[in-house]
Every structure is written in C-alpha cells, then in structure tokens.
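Q: Can you walk me through this one? I'd like to start with the charged pairs and then look at a sheet and a helix.

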Amino acid sequence: SGKFVLAGRACTMGGGGSINYTMMHESNEWLVKHLGRTVEYWKELKENLNESFNRTDPFKIETEFCKYIQEKATHVGGYNKANATHLTGNIPSYQDDIDKQLYIFPTQFNQHGQRTNSGVSLIDWRDERVDIRVKRKVEKLIFSSEEGISGDDSTCVGVQVKNTKTNENEVYNLNPDGGKVVLCSGAESPRLLMKSKEGKFRDNDSLGKHVNDHICMPLGIYIVPKNMTSKVGPTDNYESLFAMSKLETGKDNGEPVVCNIDFFTGSFDRLIYLVSSLYLTFLPLNRFKKFMGRNPVVFTILSNTIRYLLSVIVFIGKVLFGIWDLIRFKPLGTSSLPRITTSLVKFNAAQEGKYKTGYKDPIELGFFEDEQDILAAQEAIKTNLEMLESMGARPFFLLQWIFQLITKIPYSEGQVNRYVRHFSTKTILSEQHMAGGCLFGEVIDKGLDDAAQTGKVMGSTNIHVADLSTVPLPRVSTQMTAYLVGHYVGSQLYPSSSSSSSSSSSKED
C-alpha cells in the first residue's frame, strides 16, 4: 500500500534475519505441521541441539527485576508463571495448549551486559574444514549450462561473489564429485534462487511466496519504583522473559493470534541509547522512511546524531543532579537519572507477503492489509495495559505529553485505537526477522523418503536451503527455530557428523 518498513542488514551468518538475543523454540506440533516427522523426533532433535549450547538454568540466574515482572504479570495480567517443565536443555518451547504463559529463557549476556553466547559459539573456527571468507557478497549461483558443461542445467557448479574490498568478482567452484550448495542466507536465499538464470526451480510459483515478519509495536515508558531501582542490572536491558498469550482475534478462523511481549529495563542513559535506532526506524513518516531506505547513509547520520544528542542530554542531566546534591549538602551521586522500563508487543501479520520480481525490488508485506491486524493490535495492547501500568510510574506529566505527542503510544485504554490507527498508517515497524519464501514441501524437499534430499530445492540437483526462509514465520522469536532448521538439514545430509537422535528418520504417518 505504499507504506515503507525499514529493515537493517545484518553482517553475521548470512542474511542475519533470524539472529536475535532470545532463545525460545516453536512448539513441536508446529514443527510437525510445517516440516513433517513426529513430536518425539523434534523433542529429541531439540535436546541434541540445546545440549550443544550448554546454557545455564535460567531459573537459577533470574534477576530480581525479572522476578518482579513475573509477579506483576501473574497477579495483574493473569499469566501463568514460568514453568521449568517447558525447558529442554534449559531452553523453553512454546506450549500450544496454554492461553497465557510466561517463558523464561537463558540470557546470552554476561554480568556486564555483553553478548557472549549465540549460535556462532558452537563452531570450532580452527577446524581445517572451515574456510572463512570475509568481505564477500554472494552475487549469484553459476550453473553447468552457463559454463558450457554438459549435464543437467539445474546443477550448480559454482558461486560468484563480489570482494567488497577490491570490488572484484570471484568464483568458488564446487567439487564436481557430489559438491553441494547449502544456502543459509536468510531473506536473501529466495532472492538468489529467483535471480538465477538457469534451473527448473525458477518456474515454481511458490518460490518467493508466503513471506512474513512480526508486526512490532513499541509501548509506554515507565519509571522503575524506588524500592526496585537497586535491583536493576545490566542483564535487565533485555529481560530474559516473554509474556505470550492467545488472543480472541482469529479464533473464529481456528487460528488465534499469538501475541508476545518483550521487556526492557535499565538506567535511563543506557536504555535510551539502546532503543534510539529502534525509534528512528519507527517514528519517521512513511515518505521519509522510503527516502532513508533508498539512502542508507541518511539513516546512519541521523542515528549517530541522535546518539550524540542523547549523550549531551544525559551529561546535562547528570550535571543538574550533581548541582542539586550540592545545594542539599548531599554527596555527589546521591541523585541520579531514573531507571526506566518499557516493552513492545509483536505478532504475525494475517496476510503473507511475497518477493517482487527483480533482484533489487522490495519485498511486499501484508501488514494491516487484513482487518485482523487492527483488531489483534487493539486487543493485545488493551488486555495487557493494566499489567504494564503496574510495573512502574508514568513519566512526569509534561514528559509524558511530549512523548505521546510524538509517538501516540497509549497510557490508557481510550488512547489505544488512536495509536493503532496512527501506527498502521504512518509509522509501521517490523521486527526485521523475515521468514518464508522457500517453504518445505513447496519449494524444497522435506526429505521424508530420502534423508539426502532434505532441504533440496525442487528442480535442482545439488542446491539446498537451511535457514528461516524454509518455514512460515514462527509465532515466537525466530532465533532458535532458525538454528533448529539448520541443525535438522545438516543432520539429515551428514548423519555421520550427528548423534543418532538427530539423524533418525522417523516420519509422520
């Protein structure tokens, strides 16, 4: 509809569309529905993968403020308290049979708030089989017919990349004796296939379809109660807690919308600095977003400028608090900037999107094209607003008024519809975790009859996909689903490198 959504391009692990801080799996039933096999199979595969992460029991390292949020969510919000039985290898899975549930997950931050654990930590980068090529951008797949090689024109024989340092093209040739290409490029995997000039798979109408992302709506900022201020630490910046609920919206269609609330807490200066880029992708009106999308340097300049201004504001605030302490004959540092807590709500858009024809054309998403998205947003915020209000005090009236003037974010139920209307037409924001485009069973083989075919692009002889583009958008944060898909495809293609549990080939009747 001409609306524009800004999405950053990650530099880690291909497309980076599924790389996030949170660790939570989709339900086993959801995996059976979209990938096949059995509930028991996915339980075993999760155990195998989760053990590799060796994460600490999240209940043993839960912060005091996280416990405070749980208390408010259960007593005011009506959520079930986080349950250790939902963990496999200390990582939770979504439970389809529970309407309102809190899920606690292991933090990837150390005690200083630095991210130190993710999927890349599982790789032995010194292994001689690992050949790391940096400053390279994959340009296209090369097929046998393009090189004048006899054989199937759907056989990939090489990968062309651009050296971004020298701006020259390089070609990596595949081993002619059974070499494979496994795409793990996230949102770019469908693009690479659609851009190919050869290959029978290009005629598959499902390629580049069923694409989606989470609608992501920032919510109010609250002042942490004074008796909890000292309990807020660096790892609270992104709380290791999800509040997930099934909405009434969508139940008539048999698929209730699942909404997820994330929580963020920290010192004013640190938290505002962290979310400044989020608000920069959220607040500008659509026309200016489109301009920034086509001129990324503008976003970079604005982002850096805002952070410098925030640093100046924080410095001035600290100076004023210091003067106030001196006036009252108090030690410097007695007064300080407040701790704040905020949240966001996210859910799947009702209408799926698609990749447009052409390599550089944008992806069309279906955000708010269906009335269900409006209803889901309104219900999700209204049913959780009292819980969020209980977690802290509203900002000073003047600051609250300025904040709402700019963002329209509601602090009362009567303001919700205005915010949803403004958000859906003026300031749309996605979570930037794209999924779909190369779905199992439609674009790639499920491998249920032959493990060696798992993830193979239909109409190709040696191209596989092993990322989040192979499944519809999960209802939960996407990171662990992406890891699990990659682990699944790898364990099927190379069973000798996996445990017996991950290479078993049981399948759904």
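Predicted model: local features only at pLDDT ≥ 70, side-chain atom pairs only at ≥ 80, totals over all residues.

Q: Fine. How many salt bridges does the structure hold?
A: There are 15 salt bridges.

Q: What does Lys 346 meet in a salt bridge?
A: Its side chain meets that of Asp 262 at 3.2 Å, N to O. Lys 346 also meets Glu 431, at 2.5 Å, N to O.

Q: Where do Asp 262 and Glu 431 lie?
A: Asp 262 lies in strand E12 (residues 258-267) and Lys 346 in strand E13, so that pair ties together parts 84 residues apart in sequence. Glu 431 is in the loop between helix H10 (416-425) and strand E16 (463-465), so its pair with Lys 346 ties together parts that are 85 residues apart.

Q: And are they buried or exposed?
A: Buried: the relative accessible area is 1% for Asp 262 and 2% for Lys 346. Glu 431 counts as buried at 12% relative accessibility.

Q: What about Lys 67 and Glu 64, where do they lie?
A: Both are in helix H3 (residues 64-75), three residues apart, about one turn of the helix. Residues three or four places apart in an α-helix point the same way, because there are 3.6 residues a turn. The side chains of Lys 67 and Glu 64 meet in a salt bridge at 3.5 Å, N to O. Lys 67 is partly exposed, with a relative accessible area of 38%, and Glu 64 is partly exposed at 40%.

Q: Back to E13. What does the side chain of Thr 341 reach?
A: The backbone oxygen of Phe 264, at 3.3 Å. Thr 341 is in strand E13 (residues 339-348) and is buried at 4% relative accessible area. Among the residues that Thr 341 touches are Phe 65, Tyr 222 and Met 391.

Q: Now the sheet. In what order do E4, E5 and E6 come?
A: The order is E4-E5-E6, in an open sheet with antiparallel pairing. Strands E4 (136-143) and E6 (168-173) are at the edges with a single partner strand each, so one side of each has no neighbour in the sheet. The twist averages 25° from one strand to the next.

Q: How many bridges between E5 and E6?
A: Six, with E5 covering residues 156-163. Val 159 has Tyr 172 in E6 as its bridge partner.

Q: Last one: how many residues of H1 are buried?
A: Six of the eight in H1 (residues 28-35), including Trp 30 and Leu 35. Helix H2 (39-53) and helix H11 (479-493) are among what covers them. After H1 comes Gly 36, with a positive phi near 90°.

Note on methods: Residues numbered from 1 in each chain as written. Heavy atoms only, no water. Pairing = 2+ DSSP bridges. Helix = DSSP H or I, 4+ residues; strand = E, 2+ residues; numbered from the N terminus. Axes fitted to C-alpha atoms, helices over the stretch in contact; angles between N-to-C directions. Buried < 20%, exposed > 50% of the residue type's maximum accessible area, 1.4 Å probe, protein only. Contact = heavy atoms within 4.5 Å. Polar contact = N/O pair within 3.5 Å; in protein donor to acceptor, adjacent residues only side chain to side chain. Salt bridge = Lys/Arg side-chain N within 4 Å of Asp/Glu carboxyl O.
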